[in-house]
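The exercises below ask you to read a protein model step by step, and each task is followed by a worked solution.

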Amino acid sequence: MSDITIIGGGVAGLCVARELRDRGAELRVIDRYDGIGPHQCSWWAGGMLAPFCEGESAEEPVIRLGQEAAGWWQKNTGCVTQNGSLVLASKRDSADLTRFARRTSNLREVSGNEIAALEPDLGARYTRGLFFESEAHLSPRKALETLRMRLVADGVKFETAEADPETVSKKGKTIDCRGFSARDSLPDLRGVKGEMLLLSCPEVTLNRPIRLLHPRIPLYIVPRGDGIFMLGATMIESSATSHVTARSLLELLSAAYALSPAFGEAEVLEIGVDARPAFPDNLPRIREDGNVITANGLYRHGFLLAPALARMVAELVFDNTRPEVLDEAAA
Amino acid sequence: MRDFYGTTLNNGLMLGTAQYPSPAILADAFKRSGASVATVSLRRESGQERAGQDFWALIKELGTHILPNTAGCHSVKEAVTTAHMAREVFDTKWIKLEVIGEEDTLQPDVFGLVEAARILTEDGFQVFPYTTEDLVVAGKLLDAGCEVLMPWGAPIGSGQGLNNVFGLRAMRAHFPDVPLVIDAGLGLPSQAAQAMELGYDAVLLNTAVAKAGDPAEMAEGFAMAVRAGQLAATADPMEPRDMAEPSTPVIGKAFLE
């Protein structure tokens, strides 16, 4: 098999490229912009590989397919840190911790002393938490860069151009991985706005992603190393990507401050916003229409589900195996 | 059943549309429960940019009456602005009016509420005010032009049920002709049934369904409870009494000798 074109060089496009290349396909990846950058939704991602935590509100396929992610990213980028993830709540929101534990699996409850041992910088602030030992995280930008670099080294061609799947597909098999940019051809795709911050706070060390439960402002903080932290993320039913609101900043920063007052002294490095592409059930979809295969709808699970989605695209292309997320109704 | 600004509802279940795991699950909850009204909150940012229209389109597809609300507004001005945006986006005069006065309990600021209700009524809105069970405030809201009252059961999202049954009963007795809706604080169907048994016309809830492990199942449970409570209220229930009263008559019983 040769000459497959992938449109879109974000997390979905690159993962699909990796899977197809591993099967021997000759590939080119077309993107409107050159390289990895802020035009991509995945540029702003948290990078938590936390299928079990996501199970609190996500459906079963996310938990099952998400378990492929950590191994895949480690194999293909070497960027994965496997330190688990920690879920905390302030005392008044203790009921939320109970509910979270009831609805998730592969966790153990940890006491104040254990929390202090796992994350010494949080000190004795928390008396109860949930530890998901098997989960992992990565630095999204580093992972994307590495993935892309290795694809280039393996002979995958990258082109910077506007590309329309219909036109491109006249010349051969085309995989549409454009994310929210494909909104025009996917009427049931919607944007879910997310806002995030990058902070530099060298005096704080965290070893793993921390989720702070709160009835109104749930927050996670992911250590990127070198004293840098990603703070995320809002979930707003809106496709706007023009600005971050003061309210969102206020909420994110107060939650970080509540986690550790040391974040009050942090330097704000970046404020980011983008819209996650999502279908009505918030699960990804593969659609096949003639020469075009569409892989989209990764929602807030880009790094978590792109490996499984890419594997299914490859199985469809090479083995004609019907993917479980194939969406026949819409084809 | 009392009507809401001239609209008769099929049933007394009003459901919020926030916090569901996905729009598909939200739609399922509405389908299973048959809820007659969907409330939807509008962020001022997405109202201005119309960037929330994909989600709003999903809400409109539910086919229920839509009651936009001013959730999260802390001042009269904010609430009025949001109401105007909602009217434009959803093409309805209905507005659930929330003016929050206290951050921890999300209690309504009843002074701001009455003022905003007056402004919006004069502007042609049909206001559903989120209020407390205070009778004086209720009277002032009616004076301001409201024809529906929505007292809280308990603080928003607390799941505590009806905190002040005495006060809610007094409100029902005091305003026999006004449609009354219990808004906020319900956690379980039994609490919704209790509200309907008190003679309330509807209940409005969101978190209890959206944050349940199976939102659609919980929504259906609430629908059944609302129906049960409503039937009980119209069936003229028995009065409780202190002593036992045999349900089988004593006189005329067959006996062996």
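**Exercise 1.** Find the open sheet of six strands in chain A and state in which order its strands lie.

*Solution.* The strands of this open sheet follow the order 8-2-1-9-16-15 in chain A, and their pairing is mixed; strands (E, at least two residues) and helices (H or I, at least four) are DSSP runs numbered from the N terminus, and two strands pair if DSSP finds at least two bridges between them. At the edges lie strand 8 (157–160) and strand 15 (285–289) of chain A, each of which pairs on one side only. From one strand to the next, the twist averages 20°, where axes are lines fitted to C-alpha atoms, for helices over the stretch in contact, and angles run from 0 to 180 degrees between N-to-C directions.

The model is predicted, so that local features need pLDDT of at least 70 and side-chain atom pairs count only at pLDDT 80 or more, whereas totals for chains, interfaces and linings use all residues. Residues are numbered from 1 along each chain as its sequence is written, chains are lettered from A and ligands numbered from 1 in the order in which they are written, and side-chain values use heavy atoms, leaving out hydrogens and water.

**Exercise 2.** Describe how strand 15 of chain A pairs with strand 16 of chain A, and which helix lies across them.

*Solution.* Strand 15 and strand 16 (residues 292–296) of chain A pair in the antiparallel sense over five bridges, and the bridge partner of A:Glu288 in strand 16 of chain A is A:Ile293.

**Exercise 3.** Decide whether A:Glu237 and A:Arg190, which meet in a salt bridge, are buried or exposed.

*Solution.* The side chains of A:Glu237 and A:Arg190 meet at 2.8 Å, N to O, and a salt bridge is a side-chain nitrogen of Lys or Arg within 4 Å of a carboxyl oxygen of Asp or Glu. A:Glu237 lies in the loop between strand 13 (228–232) and helix 9 (246–259) of chain A, and A:Arg190 in strand 10 (residues 190–200) of chain A, 47 residues apart. With a relative accessible area of 24%, A:Glu237 is partly exposed, whereas A:Arg190, at 3%, is buried (buried means under 20%, exposed over 50%, partly exposed in between, with a 1.4 Å probe and protein chains only).

How values were computed: Contact means heavy atoms within 4.5 Å.
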